[in-house]
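Visitor: I am new to this structure and would like a short tour. Could we begin with a term that I shall need later?

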Amino acid sequence: MTSHVPNEARVIPLRPRAQRPEAAPAAPPAAAPERRRPAAREPLWRDLVGDVLRRERLAQERTLKEVAETARISMPYLSEVERGRKEASSEVLAAAAGALGLGLGDLLARAQGELVRLAARHAGPGGGPGSSGARYDGMCLAA
């Protein structure tokens with residue numbers, strides 16, 4: 001039996017941790033275990049790309065139907081992409097971007113700009129360029 005929590009990655013330390021003071025006595029069994037507050041998660045790429053597509057479509061005052069027809073993709077699928085529910089292929093992203101008068105590079109550059117802006121917010125004070133604010137001293141193995 002492992003102590004692994006579902007939906008969380010196991011981290012295997014690569015370096016020994018600094019010496020810790022002796023652990024405090026365990027809480028009485030009647031006390032409820034403390035729950036860790038989840039850390040603010042970084043946005044997913046599909047969320048960023050979808051946000052950029054939706055903002056550009058709305059800025060052009062075009063309907064989802066118009067853009068989907070021009071891009072030759074289904075309206076429900078484009079809606080899912082805009083909401084970050086679907087991980088669209090590069091062909092679909094290029095078609096949607098083209099329907100909005102953007103190149104694929106323009107779309108991805110705007111999404112990357114959003115990622116940098118949001119990562120700087122996550123890093124907080126003292127987070128320099130390229131810093132996501134996360135500090136890991138281990139390796140994540142996902143199955």
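Guide: Let us start with "exposed": a residue is called exposed when its relative accessible area is over 50%, and buried when that area is under 20%. R72 is an example, since it counts as exposed at 77% relative accessibility. Please keep in mind that this is a predicted model.

Visitor: Where does R72 lie?

Guide: R72 lies in the loop between α2 and α3, just after α2. Its phi is positive, about 60°, although R72 is not a glycine.

Visitor: Is E61 buried or exposed?

Guide: E61 has a relative accessible area of 73%; because the cut-off for exposed is over 50%, E61 is exposed.

Visitor: Let me step back. How many helices and strands does the protein have?

Guide: There are five helices and two strands. Along the sequence they follow the pattern β-α-α-α-α-α-β.

Visitor: What share of the residues is buried?

Guide: Of the 143 residues, 23% count as buried. The protein exposes about 11,200 Å², and carbon and sulfur atoms supply 55% of that area.

Visitor: And what share of the contacts joins residues 24 or more positions apart?

Guide: Among contacts with a separation of 6 or more, such residues account for 66%.

Visitor: Which residues have the most contacts inside the largest nonpolar core?

Guide: They are V49, L53, I73, L78, L93 and L107, in a core of 22 residues. Each of α1, α2, α3, α4 and α5 supplies at least two residues of this core, and α4 gives the most, with five. As a general background, nonpolar side chains tend to be buried together in soluble globular proteins.

Visitor: What does V49 touch?

Guide: Leaving aside neighbours within four places in sequence, V49 is in contact with L93, L107, L108 and A111.

Visitor: How far apart are A96 and L107?

Guide: They are 11 residues apart in sequence, and their C-alpha atoms are 9.4 Å apart in space.

Visitor: Now to α2. Which of its residues are buried?

Guide: L64, V67, A68 and A71 are buried in α2. They cover an arc of only 100° around the axis, so they are on the same side of α2. An α-helix has 3.6 residues a turn, so residues three or four places apart point the same way.

Visitor: What covers them?

Guide: The cover over the buried residues of α2 includes α1, α3 and α4.

Visitor: Which residues are buried in α3?

Guide: In α3, which spans residues 75-82, the buried residues are L78, S79, V81 and E82. Seen down the axis, they fall within an arc of 160°, so they line one face of the helix. They pack against α1, α2 and α4.

Visitor: Which residue caps the N-terminal end of α3?

Guide: S74 caps that end, with a side-chain oxygen 3.2 Å from the backbone nitrogen of Y77. Just after α3, G84 takes a positive phi of about 75°.

Visitor: One more helix, please. What does E114 contact?

Guide: E114 is in helix α5, residues 104-123. Apart from neighbours within four places in sequence, E114 is in contact with L48 and R55. E114 is buried, with a relative accessible area of 18%.

Visitor: Finally, what is the mean pLDDT?

Guide: The mean pLDDT of the protein is 79, and 58% of its residues reach 70 or more. Over residues 129-138 the pLDDT is below 50, and this stretch has 16 contacts in the model beyond near neighbours in sequence. Where pLDDT is low, the predicted coordinates should not be read in detail.

Key: Residues numbered from 1 in each chain as written. Predicted model: local features only at pLDDT ≥ 70, side-chain atom pairs only at ≥ 80, totals over all residues. Heavy atoms only, no water. Helix = DSSP H or I, 4+ residues; strand = E, 2+ residues; numbered from the N terminus. Buried < 20%, exposed > 50% of the residue type's maximum accessible area, 1.4 Å probe, protein only. Contact = heavy atoms within 4.5 Å. Areas by Shrake-Rupley, 256 points an atom, 1.4 Å probe, with all protein chains shown as cover. pLDDT = per-residue confidence, 0-100. Arc of directions from axis to C-beta. Polar contact = N/O pair within 3.5 Å; in protein donor to acceptor, adjacent residues only side chain to side chain. Core = buried A, V, L, I, M, F, W, Y, C linked by side-chain atoms within 4.5 Å.
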